[in-house]
Amino acid sequence: MKRTILSALLPLLILLGCAKAPVTGRTQLIVLGPQQEKALGFQAEQEIFKTEKITHDPRYTIPVKRVGMRLAKATGLNLDWKFYVIEKDVPNAFCLANGHVFVYTGLFKYIDDDAQLATVMGHEIGHAIAHHVAEKVSVNMLTGIATAVATAAVNEHVKSNEERMLYDAALGIGSQVGILLPYSRMQESEADHIGLILMAEACYDPREALKFWEKFAKLDQKGPQVPVYLRTHPLSRQRIENLKRWMPQALKIYDECHEKAKNSTISLKKVKAPKSEEALLGKPVK
Ligand SMILES: [Zn+2]
């Protein structure tokens, strides 16, 4: 009986949850509604405000807002965009589903200018506007349902406890390796693609994204202290190859934007981002 209900529910959920990702146009399975997604973002934000120290140091907040506003405009989405800086020596950043972006002061050690800051922020905004968290939650839910359906089917045939344990282990490993891990890799690659296009639309040179990742690759070889951003965003040959493959598309957008901006108020000059050591020591930024 249980199996019949679950089997009937699965195609219905899949039918309900079809969405399209921006830039790539990939069909996505999202069974979470926009309100539920926003609630997840709000919940996460409350936790961040409780546990992290938000800094108002203009040496960080000004470049983060300057770059963030240009990227937000490039999305064409009217979200409740907000930009926060967390005072912590961690090279990381993230964007919640409600359009609230958080950048750690520790990231500034690794970026040379606004375009490299746009590389990281564009990637994170890419995750948010492609609803990657909602998609992951949906896939987890559906994997859970699919596993329950498979378990119910297996239960009808297994004879001993040992046999059941083996099936359970196989189903668990199968869903981890077969569905959830490739989903993470695919989302990372998609956020890279969206981020690259967003930075070009916002008039930042997309070639800076390659420089940023290649610099990170060198850091990886230097010592055992692998920066957090690299641990969560492993630099593979594939990552660089993909960026090179999307570069002509991004450069075309950048050139058009650059041409338009010549006679407009958009500033194209490179602005140096502050180095976090200097800021934390209270030294003036050059
Ligand atoms: Zn990512």
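This is a short walk through the structure, one selection at a time.

**Before you start**

The model is predicted, so local features are described only where pLDDT is at least 70, side-chain atom pairs count only at pLDDT 80 or more, and totals for chains, interfaces and linings use all residues. Residues are numbered from 1 along each chain as its sequence is written.

**The whole chain**

Begin with everything in cartoon view. The protein chain has 10 helices and 6 strands; helices (H or I, at least four residues) and strands (E, at least two) are DSSP runs, numbered from the N terminus. Of its 286 residues, 32% count as buried. Here a residue is buried if 20 or more other C-beta atoms lie within 10 Å of its own, exposed if 12 or fewer, and partly exposed in between, with C-beta atoms placed from the backbone. Among contacts between residues at least 6 apart in sequence, 73% join residues at least 24 apart. Two residues are in contact if their C-beta atoms, placed from the backbone, lie within 7 Å.

**Stop 1**

Select β3 (54-55), β4 (82-86), β5 (93-95) and β6 (residues 100-104). They make an open sheet of 4 strands in the order β3-β4-β6-β5, with mixed pairing. β3 and β5 stand at the edges with a single partner strand each, so one side of each has no neighbour in the sheet. Two strands are said to pair if DSSP finds at least two bridges between them.

Now look at what β6 does on each side. With β4, the pairing is parallel over 5 bridges, and Phe-83 has Val-101 as its bridge partner in β6. With β5, the strands run antiparallel and 3 bridges join them; here Cys-95 stands opposite Val-101.

Is β6 enclosed or open to the outside? 5 of its 5 residues are buried, so β6 is largely enclosed by the rest of the structure. Show the side chains to see both faces covered: His-100, Phe-102 and Tyr-104 are on one side, with Val-101 and Val-103 on the other.

**Stop 2: the hairpin and a loop beside it**

Select Gly-99. This residue belongs to the hairpin of β5 and β6, which has 4 residues between the strands, and takes a positive phi near 85 degrees. Asn-78 and Gly-99 are 21 residues apart in sequence, and their C-alpha atoms are 9.2 Å apart. Asn-78 counts as exposed, because it has 8 C-beta neighbours inside 10 Å.

**Stop 3**

Select residues 58-75 (α3) and 114-129 (α4). The two helices pack at an angle of about 50 degrees, with their axes 9 Å apart. That makes α3 oblique to α4. Axes are lines fitted to C-alpha atoms, for helices over the stretch in contact, and angles run from 0 to 180 degrees between N-to-C directions. Angles under 35 degrees count as roughly parallel, over 145 as roughly antiparallel, 65 to 115 as roughly perpendicular and the rest as oblique.

For the contact itself, show Pro-63, Arg-66, Val-67, Gly-68, Leu-71 and Thr-75 of α3, then Asp-114, Leu-117, Ala-118, Met-121, Gly-122, Ile-125 and Ile-129 of α4. These residues divide into 8 nonpolar, 3 polar and 2 charged. In this count Ala, Val, Leu, Ile, Met, Phe, Trp, Tyr, Cys and Pro are nonpolar, Asp, Glu, Lys and Arg are charged, and the others, Gly among them, are polar.

Pro-63 is buried, with 24 other C-beta atoms within 10 Å. Its C-alpha atom is separated by 9.1 Å from that of Asp-113, 50 residues apart along the chain.

Bring the sheet back into view. α3 lies across β3, β4 and β6, running at about 145 degrees to β4. α4 also packs on the sheet, touching β5 and β6, and its direction makes about 35 degrees with that of β5.

**Stop 4**

Most residues other than glycine have a negative phi. Select Val-23, in the loop between β1 (18-20) and β2 (27-29): its phi is near 70 degrees, a positive value. Val-23 is partly exposed, with 19 other C-beta atoms within 10 Å.

Finish at Cys-203, in the loop between α6 (161-201) and α7 (207-222). Phi of Cys-203 is also positive, near 70 degrees. Cys-203 is buried, with 21 other C-beta atoms within 10 Å.
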